[in-house]
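Here are some friendly notes to read alongside the model. Take the points in order and find each residue as you go.

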Amino acid sequence: MEQQMYNVGKVVNTHGIKGEVKVMRITDFDERFQPGEPLYWVKDGGKPEKLIVSGHRNHKGFDLLTFEGLPTINDVERLKGGILQIREEQLSDLEEGEFYFHEIIGCRVILEDGTELGKVKEILTPGANDVWVVERDGKPDALIPYIEDVVKQVDIVEEQIVIDPIEGLLD
């Protein structure tokens, strides 16, 4: 059976000449990019290629990674535009009230009175709290902060989120 894979970053460019790639992070877990950790690079639905992280640093809001056996810009140029993934067995157990992005994206969002708002299509991580982007029919996307005052219930089994929007949130 094919292994389930989960996205943790996108290679947006190379950086310098020593084999570093600039990665836009799609994970809250810093340990994904630690030296020695395996990542799987895939592009355009191709076969995943296993890469081992050899170095990691942060630079201007991006993660800069190097990989074992890829010491120059010529070695990593081909990685641009690809996605970095992990295997299902690399997922960590989460605390109560914590969720993986893939568990939230696609969930229906409803108001406490049962009115359906739309579906979560993306998660933004601007700082203090995550923001769930909810796609609505015939209206602009709603930005729902993942805070206790707004998000009342998350049921990942039923793929349903119940919210109580603060005044002005859905305008």
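Does Glu20 count as buried or exposed? Glu20 counts as buried, because its relative accessibility is 13% (buried is under 20% relative accessible area, exposed over 50%, partly exposed in between, with a 1.4 Å probe and protein chains only).

1. Before going further, note that this is a predicted model, where local features need pLDDT of at least 70, side-chain atom pairs count only at pLDDT 80 or more, and totals for chains, interfaces and linings use all residues. Residues are numbered from 1 along each chain as its sequence is written, and side-chain values use heavy atoms, with hydrogens and water left out.

2. Look for the barrel: six strands close it in the order S1-S2-S5-S4-S3-S6, with antiparallel pairing. Strands here are DSSP runs (E, at least two residues) numbered from the N terminus, and two of them pair if DSSP finds at least two bridges between them.

3. Now zoom in on S2 (residues 20–25) and S5 (residues 62–67), which are joined by three bridges. Val23 has Asp63 in S5 as its bridge partner.

4. Asp63 also forms a salt bridge with Arg25 (2.9 Å, N to O); the term means a side-chain nitrogen of Lys or Arg within 4 Å of a carboxyl oxygen of Asp or Glu. Asp63 is in S5 and Arg25 in S2, 38 residues apart. Asp63 is buried at 3% relative accessible area, while Arg25 is partly exposed at 26%.

5. Back to Glu20: its side chain meets that of Arg57 in a salt bridge (2.8 Å, N to O). Arg57 lies in S4 (residues 49–59) and Glu20 in S2, so the pair ties together parts 37 residues apart in sequence.

Key: Helix = DSSP H or I, 4+ residues; strand = E, 2+ residues; numbered from the N terminus.
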